[in-house]
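Subject: Structure handover

Hello,

Here is the structure I promised to pass on. Please open it first, then read my notes below.

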Amino acid sequence: MKFFLYRYSIISIVSFIFSNLLFNLFIIGFHESYASLFSLFIILNLNIFFFFKFKIFKTNKKNYLKIVSISVFFRIFEYILFNLLFFYLLKDVQSNYIYIITLILSFFIKSFVFYKKSDLQN
């Protein structure tokens, strides 16, 4: 578990910072909802690359499909959660804060799921 947490935390922290940076850059030219979608899609591809690079998952087709399906599910979840919070629940809160809340909530759930599916469980 120690190795998983160490490697996964590096990916998560970098993803969190880079995702927020991209969101703030995209928000200049696009609506908040589209900025969220674009930044989450870019981070999805980077995370898949780093999961193999840091050997959290062994490089094979089965693991690739597993990572893609879990990652896509969580990116869709994050996008829906962001839009739900932004348009309906937290109308008075700035979109940057809503985006951060979305990423933090997703991080906790995602960490558990990836740990259970990873090759570093032992």
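**What I found**

Start at I67, which touches I48, F51, F52 and F57, leaving aside residues up to four places away in sequence. Keep in mind that this is a predicted model.

I67 belongs to the largest nonpolar core. That core has 12 residues in all: Y8, I11, L44, I48, F51, F52, I56, F57, I67, I70, F74 and F114. Helix 2 gives the most, with 4 residues.

Now turn to the surface. A nonpolar patch is found there, formed by Y6, I10, V14, F18, L21, L25, I28, F41, I42 and L46. Together these residues have about 950 Å² of accessible area. Two elements give two or more residues to the patch: helix 1 (2-29) and helix 2 (32-53). Here helix 1 gives the most, with 7 residues.

I10 sits in helix 1. Is I10 exposed or partly exposed? I10 is partly exposed, because its relative accessible area is 32%, and partly exposed covers values between under 20% (buried) and over 50% (exposed).

So much for my notes. Over to you.

Best wishes

Conventions
Residues numbered from 1 in each chain as written. Predicted model: local features only at pLDDT ≥ 70, side-chain atom pairs only at ≥ 80, totals over all residues. Heavy atoms only, no water. Patch = residues over 30% accessible without salt bridge, like charges linked within 9 Å, V, L, I, M, F, W, Y side chains within 5 Å. Areas by Shrake-Rupley, 256 points an atom, 1.4 Å probe, with all protein chains shown as cover. Salt bridge = Lys/Arg side-chain N within 4 Å of Asp/Glu carboxyl O. Buried < 20%, exposed > 50% of the residue type's maximum accessible area, 1.4 Å probe, protein only. Core = buried A, V, L, I, M, F, W, Y, C linked by side-chain atoms within 4.5 Å. Contact = heavy atoms within 4.5 Å.
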